[in-house]
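Some questions and answers follow for a reader new to this entry. Please look at the sequence and the model before reading on.

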Amino acid sequence: MGRTLQNTMINLGLQNACDEAVYQLGLDMEELEEIEEDAGLGNGGLGRLAACFLDSMATLGLAAYGYGIRYEYGIFNQKIRDGWQVEEADDWLRHGNPWEKARPEYMLPVHFYGRVEHSASGAKWIDTQVVLALPYDTPVPGYMNNTVNTMRLWSARAPNDFNLRDFNVGDYIQAVLDRNLAENISRVLYPNDNFFEGKELRLKQEYFVVAATLQDIIRRFKASKFGSTDSVRTVFDSFPDQVAIQLNDTHPAMAIPELMRIFVDIEKLPWDKAWDITKRTFAYTNHTVLPEALERWPVDLVEKLLPRHLQIIYEINQRHLDHIASLFPNDVDRLRRMSLIEEGDTKRINMAHLCIVGSHAVNGVAKIHSEIVKTQVFEDFAELEPEKFQNKTNGITPRRWLLLCNPGLAELIAEKIGEDYVRDLSQLTKLHKFVDDDLFIREVAKVKQENKVKFALYLEKEYKVKINPSSMFDVHVKRIHEYKRQLMNCLHIITMYNRIRRDPAKLFVPRTVIIGGKAAPGYHMAKMIIKLINAVAQVVNNDPMVGSKLKVIFLENYRVSLAEKVIPATDLSEQISTAGTEASGTGNMKFMLNGALTIGTMDGANVEMAEEAGEENLFIFGMRVEDVTELDRKGYNAQLYYDRLPELKQAVDQIKSGFFSPKDPNLFSDVVNMLFHHDRFKVFADYEAYVKCQEKVSELYLNSKAWTKMVIRNIAAAGKFSSDRTIKEYARDIWHVEPSDLKIPPPNEPRDAGQDKTPNGTAA
């Protein structure tokens with residue numbers, strides 16, 4: 001979520017008033033804003049997407065709730081010591097959190113372990129351990145519409161009789177100390193991005209958020225006029241018409257068996273009825289196609305922790321496979337491929353398969369990704385139910401990612417096309433009229449220059465490096481991962497360095513290369529990549545032959561509040577994942593909206609950015625998905641490229657020989673060995689095209705006017721990438737709710753008695 005103060009002032013239309021009031025108290029608002037901690041309760045794109053979605057849902061007047069876990073410790077703070085990443089705990093609640101309100105009156109029990117008893121009256125889950133879920137509510141204000149939605153985050157609490165009611169007779173002190181075991185559930189965020197780690201505590205977290213949330217939703221449904229009771233039992237027929245639940249990847253997949261457990265075991269619905277309601281309630285968004293990221297929980301673990309849920313999953317699977325066997329008799333391989341249970345050394349539950357079978361809609365997050373989902377990753381399922389599979393291209397909120405972080409550009413745009421674009425970003429197309437307006441061109445360039453000067457001052461303060469603000473700010477910020485290919489950027493830096501040293505008199509377009517992002521603490525290769533970048537920076541930044549022509553900065557502790565500083569100052573946005581690996585990306589959209597040009601592969605949303613702006617207005621290079629597939633078929637041989645490309649050979653040899661690590665010449669042997677022998681992401685295969693494309697970038701940068709005209713064309717084409725547009729598509733195609741642009745009257749104005757607070761419709 002990042003910081004809340006400035007976003008709240010903007011959405012309430014109070015920023016100028018607050019700035020002025022604080023100024024009159026002799027304080028500086030910007031200084032105050034810097035005191036607030038980021039709420040870093042997610043890992044990367046998937047978590048930040050949810051935050052943008054909350055802003056858009058409130059702005060569109062949807063009755064929507066965001067549910068998650070109130071981690072005591074969020075994503076670690078990253079320190080760089082001697083070029084290495086070191087993790088520190090993110091004690092973000094140390095000084096309290098003024099935006100949250102604890103709601104102990106809505107506390108709910110969550111059960112773990114135990115056993116299942118079957119009787120004539122049905123299944124009973126008994127002898128369980130209970131953990132309490134305490135909700136904390138954070139307001140989510142819409143933009144200038146007096147709507148305030150709720151983000152409800154659950155915190156784990158031990159019940160007061162924890163470890164005191166049973167066997168534990170004498171040791172009262174130990175019993176109270178053991179309360180920590182229960183409360184550890186919401187202690188810390190697992191810091192993996194695009195990687196599955198099958199730990200028991202993580203599964204506990206996933207079930208904890210799911211069980212508490214579903215009870216909350218059902219409580220609210222029963223309290224509404226729709227949860228009509230005939231004598232005793234609630235009638236759930238209208239449930240899917242009143243409730244839509246969107247699964248953000250498979251992490252909340254246990255919601256499917258949990259809702260079935262509530263309907264069948266507790267509410268005593270017949271299975272078929274319960275299953276019909278469940279399917280119509282859930283929809284699943286897939287966020288990655290990397291096999292190592294797909295959740296596959298060991299059956300033994302689920303059996304121990306959630307025995308009833310395992311039985312329900314088996315029953316779901318049995319009925320699912322019976323159905324497929326009836327359509328494809330004797331096709332045992334199809335049954336194996338489509339089963340929710342994977343046989344092997346350890347039997348595992350494929351959570352993506354569970355989500356597909358238990359949902360009425362499945363979507364990818366960019367056109368190319370949704371195609372890959374349909375035709376490759378889940379092709380058997382798409383063949384069975386093609387109408388279930390959709391695309392919903394990601395977006396970003398223009399409130400935080402333009403108004404808040406780039407007020408200069410936002411104001412300049414408003415002067416030309418009015419202020420309505422903030423709620424309807426498609427209006428940015430009106431900027432096409434001004435692409436040849438010399439004054440506007442100069443003003444756009446001026447705003448960018450001011451942002452760069454401001455960020456250069458920040459860098460000089462934090463990193464004690466002198467930055468040339470007229471150099472091209474070439475920025476690569478995102479989680480560190482092999483598929484995102486920070487290594488390819490690193491090879492380009494080394495190549496530029498070698499060219500400067502080879503011919504110091506030759507014209508060189510000066511660059512400040514900024515790379516930032518966190519590596520998962522257990523991801524050895526990602527940590528080596530950070531060390532390599534810092535080792536290269538050390539050499540480049542201290543070579544007098546290079547001077548101010550090339551500077552390399554590794555941006556420490558990349559997070560939302562730092563993104564808000566660097567993105568508006570960026571000239572060149574690096575989006576260079578191997579085609580077919582980045583599901584969408586959203587940083588790419590933030591840079592586009594803030595007047596940076598993109599160098600990138602035809603991957604994720606880059607494809608649609610090129611479609612919107614015209615491919616000639618992005619620097620697109622490298623293999624397409626088809627080329628990668630073909631190269632896989634032939635077999636990728638890194639040595640071939642190394643032998644054929646002298647500049648690549650030189651750069652790799654320098655890394656290999658210890659040029660960048662003279663004290664430990666073999667420091668990067670793992671990296672080099674990976675690049676030659678098991679590089680799944682084919683860095684060498686795109687190196688030549690990347691370097692050539694970077695030359696075109698430098699050439700255009702020399703012509704400031706032509707560069708800025710291309711920038712304007714990009715901003716004018718960025719309208720599609722508002723999360724408002726994304727949410728309107730979810731609302732229309734999946735949730736079946738109508739966005740409302742009604743501005744609720746402010747609390748100080750009396751309401752019409754006739755005006756119903758919420759129009760009839762689903763709560764998402």
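A residue counts as buried when its relative accessible area is under 20%, and as exposed when that area is over 50%. The model discussed here is predicted.

Q: Is K590 buried or exposed?
A: K590 lies in helix α23, which covers residues 587–593. The relative accessible area of K590 is 7%, and the limit for a buried residue is 20%. K590 is therefore buried.

Q: Which feature does UniProt place at K590?
A: The annotation comes from an unreviewed UniProt entry. In the model, K590 is in contact with R48, I396, W401 and I567, leaving aside neighbours within four places in sequence. The feature that UniProt gives for K590 is "modified residue: N6-(pyridoxal phosphate)lysine".

Q: How many disulfides does a search of the whole structure find?
A: C18 is in no disulfide, as the nearest cysteine sulfur, that of C405, is 19 Å away. The search covers the whole structure, and the number of disulfides found is 0.

Q: Which residues of domain 2 lose the most area to domain 3?
A: Domain 2 and domain 3 bury about 1100 Å² between them, 67% of it on carbon and sulfur atoms. In domain 2, 50% of what that side buries comes from three residues together: L46, Y113 and W125.

Key. Residues are numbered from 1 along each chain as its sequence is written. This is a predicted model: local features need pLDDT of at least 70, side-chain atom pairs count only at pLDDT 80 or more; totals for chains, interfaces and linings use all residues. Side-chain values use heavy atoms; hydrogens and water are left out. A disulfide is a pair of cysteine sulfur atoms within 2.5 Å. UniProt positions are given in the numbering used here, feature names are shortened, and annotations may be inferred rather than shown by experiment. Helices (H or I, at least four residues) and strands (E, at least two) are DSSP runs, numbered from the N terminus. Buried means under 20% relative accessible area, exposed over 50%, partly exposed in between (1.4 Å probe, protein chains only). Contact means heavy atoms within 4.5 Å. Buried area is the accessible area (1.4 Å probe) that two parts lose on being put together, summed over both.
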